[in-house]
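Here is a walk through one model, from the overall layout down to single residues. Have a look at it first, then read on.

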There are 2 protein chains.
Amino acid sequence: MEAVLKEVLRKVKPRSGDAAKLSKVVGELIESVEGACRKLGVHARAALVGSAARGTWLRTEKDIDIFMLFPETVSKDELERQGLAVAREVAERKGKERFAEHPYLTMNYNGFQVDLVPAYEVSDPGMIKSAVDRTPHHQEYVKKRLTAELEEQVLLVKQFMQGIGVYGSEYRTRGFSGYLCELLVLHHGSFKGLVQAAAGWPPGAVIDIEKFYPSELEPRAVFTGEPLVVVDPVDRNRNVASAVSLKSLSEFILACQDFVRAPRLGFFFPRPVKPIGPGDLRARLKKRGTRFFCVAFRPPDAVEDVLFPQLRRTERAILGRMAQSGFQVFRSDVWSEGGLAVILIELAVSKLPKAQARLGPPVALGAEKFIGDHAGSKSKLAGPLVDEGGRVFFELERKETDARRSLSRFLEEGTGFGKDVSGAIGKGHQLLEGAEVAKLFGNRGLREFISDYLSRSLPWYR
Amino acid sequence: MEAVLKEVLRKVKPRSGDAAKLSKVVGELIESVEGACRKLGVHARAALVGSAARGTWLRTEKDIDIFMLFPETVSKDELERQGLAVAREVAERKGKERFAEHPYLTMNYNGFQVDLVPAYEVSDPGMIKSAVDRTPHHQEYVKKRLTAELEEQVLLVKQFMQGIGVYGSEYRTRGFSGYLCELLVLHHGSFKGLVQAAAGWPPGAVIDIEKFYPSELEPRAVFTGEPLVVVDPVDRNRNVASAVSLKSLSEFILACQDFVRAPRLGFFFPRPVKPIGPGDLRARLKKRGTRFFCVAFRPPDAVEDVLFPQLRRTERAILGRMAQSGFQVFRSDVWSEGGLAVILIELAVSKLPKAQARLGPPVALGAEKFIGDHAGSKSKLAGPLVDEGGRVFFELERKETDARRSLSRFLEEGTGFGKDVSGAIGKGHQLLEGAEVAKLFGNRGLREFISDYLSRSLPWYR
């Protein structure tokens, strides 16, 4: 294992040149923010936060988070107005506004993705006014405790998470944030200590570094239903791992189990997915024998953390209606990059029989109305009948026996879709079936996504 | 309602000629049993029991139950041996042996179906040695209380039950026995009183004529899970309605609701099912669009109450294995008459895609073996992957995508089938698909069964 980890560090640890470049850029940015504050008469101080400030950034990470810290006496409206004014001044209109909880600004600067975020400087992290106000306290907590050696261990953990596909707390991944990786290293002392422990994590594992709670039972009751609980050392009422889904957690645990058994570089740097061409696409679809639909459209202009929940919500709405109509969904997924969004729906069966059962209420609760509604119906094939559970049912002729037509209708109706996604689909969409999806293979990202989807496996099994 | 009931009575009440004929036959049988007892030196007395003895037989009912009552001092082996010897002597080898709890003998005699049943004469019905020993006590209880007027009400109830298809406590029907009908009339005072009350029966209704229990709660706890509880007035620990399934009970309740709303003869004498020909068969199958299989074989030589549970068990086993293989069953049924037994399996879908998901254990419980079993498999299409519930899964190529081949294999294997039915199917069976079933339409009963199945409804809605 030692040799593998050494090799990983060689690849991911920033070199002195990288660090110097980062330092220079950060210095320029801080100076620029402070200059803008003076110019606009804004009383705020600039501070670098995040992995760049802690020495836990991977060589490939090009994120810089600069906070504009305001005194608590400033109103929320003023903070947003002033923060944005300063940020715009800094970006010289090159940045693009984005919205999280606060409005903040994202821009590209000398090859880095820079976030300029206004926040309150709050002395007690239990009394913050918005989620981002906690960040400087995280910063302080971690910085105090991380030695140079532990910093390296954090790099290993972050690269491992990235390699196995669970790095990032955003909705798209629902995985492990950088801060969470740092805390896990602080708690377990090393990458090795963490993966050995995590290989045996039970469902609902609890980590309480500052021992705020006398036993594991209490945090489990407070953060009920969350698959992993890591109590925030700066706020006992917050679970740092609240974004981690059971899926991501399970993938991490499985990766740890596999890695402990047979360490290799493939966990950190998995083989990339091989993009397939139209011929391969046809062959793979044929081998699966399922019916494969791709709904493609131009996504609404929203950040990923707004877009992806809406895409998932839309996917779930379609799945629910398809299931209700009798079409069993085999697998599905969503994807978006650049100007394209896609919902994949793969069905086990594409053609249903005419006959469908329509279940009514139990006789004891009164079935008169249900029977009256269907007994004289033209579409009746059989019934009324009573099933083994005492419920009345009919067999009726189904209106739509073809999956494509049902899917088309659900897309037109948009019931239960995410709001902006519903609007975007309403403006126009393509419903592609089977190998037709190759029409969109000009989009490299989509081609990779489809290639991955069709023979997907956990990255370290590729 | 009165006019309807009067008309029903005119049709079902035995005429004086019928009663005289029954009397004569019963007299001959009793004499014959007693003569046989004397000849063989058996100490038992003959007694007529059942509806024929109580004046509650329908004109169409041609059943005579004669009990041979033995003193309790006779051993069970002796009772069986002597009882059978007497019965055989009576039947002069014309009868056929049948088995219920005791061996008893059934024979045809002058147009009647006669059961000769050996039983113990037990003074306390709570201390009986076998289920049939209770019958003479039921006889006594009912006979004491039924007036001529109430006898007519019982005839109405029995004909109503027969018309709506829930008369008989045997496994094939799982409905209401004659004795149960009599108790319901005793409790509610009349046919009208019963149907009005039953229209409002809640799930788990309790009737305790002798008020053995202080409240309804106690019998509900004793007979937990039984849809209808009618405490036996001669044995507080027995539910006379224990054979009544939730389905039969619900059908009865629904019929009562419908009848109270609009009384008509159709409840008592429903329109018969119209037997269809091969052309109609094809048209109806096409309209349903399902895939329809008929497994036909020569049934094992067993009474209905042994055969039908085995047929149902076999049906369930096939359904379970089909579902496991991904074939969703739409409806199914079993049937047998004379020398033919049939299991119908109607599928929503007949062809499955190659791809199938194989779900493994949750990661936290250890998925190493599961992954090892499939990761290198030739049939692997995708995986290992982790689902939202934290369980590992693969997508594999299905071996059998066609329902007919799967069904054939399950029939050959016979796993979980009823024992005798499994043997019978093993000896030889036909697997007919769709309109092929018309090959068996020479069997009138089967033709009626299939005709009914394809557009089945509750009899009073025909």
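Predicted model: local features only at pLDDT ≥ 70, side-chain atom pairs only at ≥ 80, totals over all residues.

## Ground rules

A residue counts as buried under 20% relative accessible area, as exposed over 50% and as partly exposed in between, with a 1.4 Å probe and protein chains only.

Residues are numbered from 1 along each chain as its sequence is written, chains are lettered from A and ligands numbered from 1 in the order in which they are written, and side-chain values use heavy atoms, with hydrogens and water left out.

## The chain as a whole

Chain A holds 16 helices and 15 strands. Both kinds of element are DSSP runs numbered from the N terminus: H or I over at least four residues for helices, E over at least two for strands. Along the principal axes, the C-alpha atoms of chain A fill a box of roughly 80 × 55 × 55 Å.

Of the 462 residues in chain A, 52% are buried. Contact here means heavy atoms within 4.5 Å. Taking the contacts in chain A with a separation of 6 or more, 67% are between residues 24 or more positions apart.

## Two copies, one axis

Two copies of a chain are related by a rotation about an axis and a shift along it.

## Helices H6 and H8 of chain A

Helix H6 (residues 148-164) and helix H8 (residues 191-198) of chain A pack at about 45°, and their axes are 8 Å apart. Axes are lines fitted to C-alpha atoms, for helices over the stretch in contact, and angles run from 0 to 180 degrees between N-to-C directions. H6(A) and H8(A) are therefore oblique to each other; that word covers what is left after under 35 degrees (roughly parallel), over 145 (roughly antiparallel) and 65 to 115 (roughly perpendicular).

H6(A) brings Gln153(A), Leu156(A), Val157(A) and Phe160(A) to the contact, and H8(A) brings Phe191(A), Lys192(A), Leu194(A) and Val195(A).

Three strands of chain A form an open sheet with mixed pairing, in the order S6-S7-S8. Pairing requires at least two DSSP bridges between two strands. S6 (205-207) and S8 (235-239) of chain A are the edge strands with a single partner each, so one side of each has no neighbour in the sheet. From one strand to the next, the twist averages 25°.

S6(A) and S7(A) (residues 228-232) run parallel, joined by 3 bridges; Val206(A) has Val229(A) as its bridge partner. Helix H7 (residues 178-188) of chain A packs on the sheet and touches S6, S7 and S8 of chain A, its direction making about 85° with that of S7(A).

## Strand S11 of chain B

How many residues of S11(B) (residues 340-347) are buried? The count is 8 of 8. One side carries Leu340(B), Val342(B), Leu344(B) and Glu346(B), the other Ala341(B), Ile343(B), Ile345(B) and Leu347(B).

S11(B) pairs in the antiparallel sense with S9(B) (residues 291-297) over 7 bridges, Val295(B) being partnered by Ile343(B). With S10(B) (residues 329-337) the pairing is also antiparallel, over 8 bridges, and Ser332(B) is partnered by Ile345(B). The hairpin of S10(B) and S11(B) has 2 residues between the strands, and Gly338(B) takes a positive phi near 55° there.

Met68(A) lies in strand S2 (residues 63-70) of chain A. Beyond its neighbours within four places in sequence, its contacts include Val33(A), Arg45(A), Leu116(A) and Pro118(A).

Glu251(B) is in helix H10 (residues 246-261) of chain B and is buried, at 9% relative accessible area. Leaving aside neighbours within four places in sequence, Glu251(B) touches Val386(A) as well as Ile164(B), Val166(B), Leu458(B) and Trp460(B).
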